[in-house]
Amino acid sequence: MKEILVIDDEIQIRRLLEITLQSSGYKVISQATGLQGLETAANHQPDLIILDLGLPDESGHSVLEKLREWYINPILILSVQKNEKDIIRSLDRGANDYLVKPFRTGELLARIRSALRSNTQAENTPLIQFKELQIDLAARTVTINKETVRFTATQYALLILLARNEGKVLTYDYLLKEIWGDAYIGQLEYLRVYIAQLRNKIEKDANHPAYIITEPKVGYRFVSGE
Amino acid sequence: MQFLLSGLAIGGVSLVAFLFSAYIGQEGVAFILLVTLSVIGMFFDIVPVLVAAVLSALIWDYFFLLPRFNFRVGNTEDKIMLSMYFIIALVSGVLTFKIRQHEMIARTQQEQEKTLVLYDAVLNSLSHEFRTPIAAIIGASDNLIADQPLLSPSDRKDLLSEISKAAIRLNQQVENLLDMSRLESGIIAVKKDWCDISELIYTVTLRLENELKHFELKVDTANNLPLFMLDYGLIEQVLFNLLQNATRYTPEGSSIRISANVTDPGLQLIVTDDGHGFPQGSMQKVFEKFYRLESSGTGGIGLGLSIVKGFVESHRGTVILENQSPRGAKFIIEIPTDKYYA
């Protein structure tokens, strides 16, 4: 049974998460402060941590940084308001995903499943398969319904980066830095254009993307379309 | 400025009277000057009015009162007349000014009263719109906690879904109030970046997926739309509010259409529906804060469209609402902005 650690100072949210997660088959431990959370994380080595950004004793950002010094499993951030700056900051410092309160239970469970799954996916599989999309990393070929689709080098690099991080939100600046380099940070127009090109090639309907999902003002997320 | 204008008025009127002095007697001129003075009193402050009164008395004495072209006054009757003129000029100037002042005070008071009435109405509607879902949550959860054996599983499910609906409604109202207060306090910082409009439209339709299920949605975006320089979050909220209104206030099964076009200054977004449209005379008012159509029932606090207007205007854009023939409403948003063609 997968174990999830919840670090949130609001008792109501802790109760809600305990009931929701336990009834979905997870084992749950919860803590109200950053200090207790860090201790429990070290002792239990949970499979996933849900961390609230607004904690009473220290900021969620600092808890996140301390966790990321040694903790490699997924961390899901809870934020009380849609504050993109906070969200981007925590994603850039190692959080895997975020949810804004109030969130829907279905959404929460989907994010947890996706984070746990991508964590188990081996880094060095040569073949990535999502529904009708297949990427052969060794041969550097992409097929949709067994038909080969051609990409430029940059398009391919972007697709691989997204697909390898399936389920995880990648921020604009992270994508720009990884594909184009430090000098391109903030040049969103490049990314938008290339995402549109990728969608035109891999999505059935580029206006209703099923693989490359937009996280408004934050970044993009590749989903397998479960 | 006021001194100059009142001086010019008195001087000008005097000049005209002087040119026609063969036809107008000295008493007639006095009356014309007094009328001029009253008019000045209606528009200017007290000091320029008094100066104009003194000026007009001197002009009358010098140019018109016999003997003319000096300040001497001939007989006793004329002396009395000059004193009387002087007094009447001062009194009429001061009186007109005072009347104006009183009018202004009355007007401000009236406006204050109106604001109070509006404030009361807003507070009433707000507390109603917040208390209804709160009442639903408290009532339904009490029922569930009491766990009466007569409560069937389907009743239980209904109560739960009421709680969920009420909470979602509350959340949205809080969000609207927050958006509005951010607009009002001027702390909305428009953070523009390159936006893919098709992607934005899709994000909004996804957020409203459940509501839109009962409608016929058509998205009509030109091929090869450029990227636009916009604040993604604000424009997303604009489109969300327009679409949500359409799903709330048009009959189920209506068709809703979103179209995006490039215009010379920037982006044009159009949302149309084939519902009932808006009553004539309400087309401007619907953008006012807390304004709600009488026909719109419960479920909103009258902020959606004022937020639309505020967010669009923060981009220096415009929103126009039209009724369509034969029926339906049409919102046209025009935003001047930079474009990026890949």
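Strands β11(A) and β12(A) form a hairpin with three residues between them, and A:Lys217 in the turn has a positive phi of about 70 degrees. This is a predicted model, in which local features need pLDDT of at least 70 and side-chain atom pairs count only at pLDDT 80 or more, while totals for chains, interfaces and linings use all residues. Residues are numbered from 1 along each chain as its sequence is written, and chains are lettered from A and ligands numbered from 1 in the order in which they are written.

The two strands run antiparallel and are joined by four bridges (strands pair if DSSP finds at least two bridges between them), with A:Thr214 standing opposite A:Tyr220 in β12(A). Helices (H or I, at least four residues) and strands (E, at least two) are DSSP runs, numbered from the N terminus.

| Element | Residues |
|---|---|
| β11(A) | 212-215 |
| β12(A) | 219-222 |
| α6(A) | 153-164 |
| α8(A) | 188-202 |

Helices α6(A) and α8(A) pack at an angle of about 85 degrees with their axes 10 Å apart, the axes being lines fitted to C-alpha atoms over the stretch in contact and angles running from 0 to 180 degrees between N-to-C directions. That makes α6(A) roughly perpendicular to α8(A), a term for angles of 65 to 115 degrees. In this packing, A:Thr154, A:Gln155, A:Leu158 and A:Leu159 of α6(A) meet A:Tyr194, A:Gln197 and A:Leu198 of α8(A).

In chain B, leaving aside neighbours within four places in sequence, B:Leu239 is in contact (C-beta atoms, placed from the backbone, within 7 Å) with B:Leu200, B:Ile201, B:Val204 and B:Leu269.

Definitions and conventions: Parallel < 35°, antiparallel > 145°, perpendicular 65-115°, else oblique. Contact = placed C-beta atoms within 7 Å.
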